[in-house]
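Please open the structure in your viewer and keep the sequence panel beside it.

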Amino acid sequence: MPLIVDVVALRKAYAGGFEALKGVDLQIEEGEILALLGPNGAGKTTLISTVCGITTATSGSVKVGGHDTVKDFRAARSMIGLVPQEINLEPFEKVQNTVKFSRGLFGKSANPALIEKILRQLSLWDKRDSQIRELSGGMKRRVLIAKALSHEPRVLFLDEPTAGVDVELRRDMWEIVAELKRDGVTIILTTHYIEEAEAIADRIGVIAQGEILLVEEKSKLMARMGKKELEVQLSEPILEIPASLASDTLRLKGDGSALIYSYDTKSERTGITKLLADVAAAGLVLRDVVTRQSSLEDIFVDLVHEGDAP
Amino acid sequence: MNWTAVKSIYVFEMARFFRTITQSFISPVLSTSLYFVVFGAAIGSRIQEVEGVSYGAFIVPGLIMLSVITQSISNASFGIYFPKFIGTIFELLSAPVNFLEIVMGYVGAAATKALFIGVIILATAFLFVDFEIQHPFAMVGFLVLTCISFALMGFIIGIWAGNFEQLQLVPLLIITPLVFLGGSFYSISMLPPVWQIISHFNPVVYLISGFRWSFFGSADVSIGLSLFAIAGFTTLCMAVIWWIFKTGWRIRQ
């Protein structure tokens, strides 16, 4: 797949001296869905704003569809749609007018059929002549999505699209995302919700304190998550694993106080019964047994906290 | 040029005007009528003629300028300040448009609204006094140029303003005094010599003088100088706006 967004050594320091992005490199392939996970203040919104032209980079470069976002801003920006995190809408304007406005602003000629399709898809058609201030919060977010889709972007940024949103809108939005993906649109979404990233993303990026800590295929992360560990705590520490127990899936805890067995929860035989029988046969006395699953959340928290270290 | 974008901004901004069309028209018509009653009828009955024109007719160009300048500034400054205030400016900044297109859309709409109001005041004036327009084309030209140049200035104020108080500050403290002292209600030649010299530093004098010339064929300053002054002012505003968008001052972090 060709690259569609190419961020190279992007730095952003705000006027007060705060460095929101510390040399971000990020390559996004055409047609993929990338979820950017990160705590508050990690730099997710700054990254998106800089790609979209709302903030200017201190150094580094961004190319969208091969067009530099500064030198060739017209070509680059006309490919991008943005659904911002904050609900920024003209309160006295009618829904369909504000959506048409967005299309025009991006230089696209009027297309009432498309606007109708988008409004229907987002359950806004009945509200098309309502003023925006009359809408609920969730409806307003739908309007923001409609505005971004109105100019048929090839790259869509969704900044925390489901923050404070009801189940119905979340489902509608995931459907839209799936449809856009079928049409080959590249989608970058930021979120706090790991389940959301798991549900729709192809790749997952983790950002903290202005740095990308990891970008990986979701399936690989999921594979790591599918593993479960069984910790067999021993009443007496041992120096090495008895020969009768030796296998790739079993290791000794650092201080020799426990055996750690990793297994796949989804496989038919986990091998736990055999393990415990073998442990007993080897004459080891058990103190306790603990199981734990490493989740995407653990991976995420570990990564983010490594970033905290001085 | 992204003409579709210019048109979209223009139409969107005009829609705001048409939503409040009644207030937009009633207030200037009412205040102009009051000016005619107070200045035209009450004071005018004691001042017979100024430069061969009845006082009631003499103040018509000045009154139109007063409204048009105030309206151009307030429309344009509000037009760009509002998106900044409510946050919708993100869309302008992320759209494939350059500064000229944004300015044409916003300033064009603000100038159009001011022009509407100028024409309505002119029509209202005909109800109160008798007068002829000697140079109608020049009159329209001056009116349009004034609308555009002061809408440009309003646009700058709207970007500069950090709150609603500041939005009102420049019009209130600078523009209104300049317009009142710019010969709206009197001829500069009626002032003592020192004030006549000081008046020449007031850019509004050139505008009102040129505009009045298009009505009555007489002016305080030469028509060429008037045109030069307004062209210079327009250029200055455009240069400032170009710099604003180039540096992102107060709009792009």
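Which residues make a nonpolar surface patch of about 460 Å²? Select B:V37, B:V38, B:I43, B:L127 and B:F128, which together make this patch. Here a patch is made of residues with over 30% relative accessible area and no salt bridge, with nonpolar side chains (Val, Leu, Ile, Met, Phe, Trp, Tyr) joined within 5 Å and like charges within 9 Å. Accessible areas come from the Shrake-Rupley method with a 1.4 Å probe, and for residues only the protein chains shown count as cover.

This is a predicted model, in which local features need pLDDT of at least 70 and side-chain atom pairs count only at pLDDT 80 or more, while totals for chains, interfaces and linings use all residues. Residues are numbered from 1 along each chain as its sequence is written, chains are lettered from A and ligands numbered from 1 in the order in which they are written, and side-chain values use heavy atoms, with hydrogens and water left out.

Next, colour helix α2 of chain B, which gives the most to the nonpolar patch, with three residues. Helices (H or I, at least four residues) and strands (E, at least two) are DSSP runs, numbered from the N terminus. Then select B:F128, which lies in helix α5 of chain B. Is B:F128 buried, partly exposed or exposed? B:F128 is partly exposed, because its relative accessible area is 40%, where buried means under 20%, exposed over 50%, and partly exposed in between (1.4 Å probe, protein chains only).

Now display the two chains together. The contact (heavy atoms within 4.5 Å) takes 25 residues from chain B and 30 residues from chain A. Chain B and chain A bury about 2,500 Å² between them, 60% of it on carbon and sulfur atoms. Buried area is the accessible area (1.4 Å probe) that two parts lose on being put together, summed over both. Select B:F12, B:F90 and B:P96: these supply 27% of the area that chain B buries against chain A, more than any other three residues.

Four salt bridges are counted between chain B and chain A. A salt bridge is a side-chain nitrogen of Lys or Arg within 4 Å of a carboxyl oxygen of Asp or Glu. Select A:E90 and B:R16, which form a salt bridge with their closest N and O atoms 2.7 Å apart.

Finally, turn to chain A, which has ten helices and 14 strands. Select A:E216 in strand β10 (residues 211-217); A:E216 counts as buried, because its relative accessibility is 19%.
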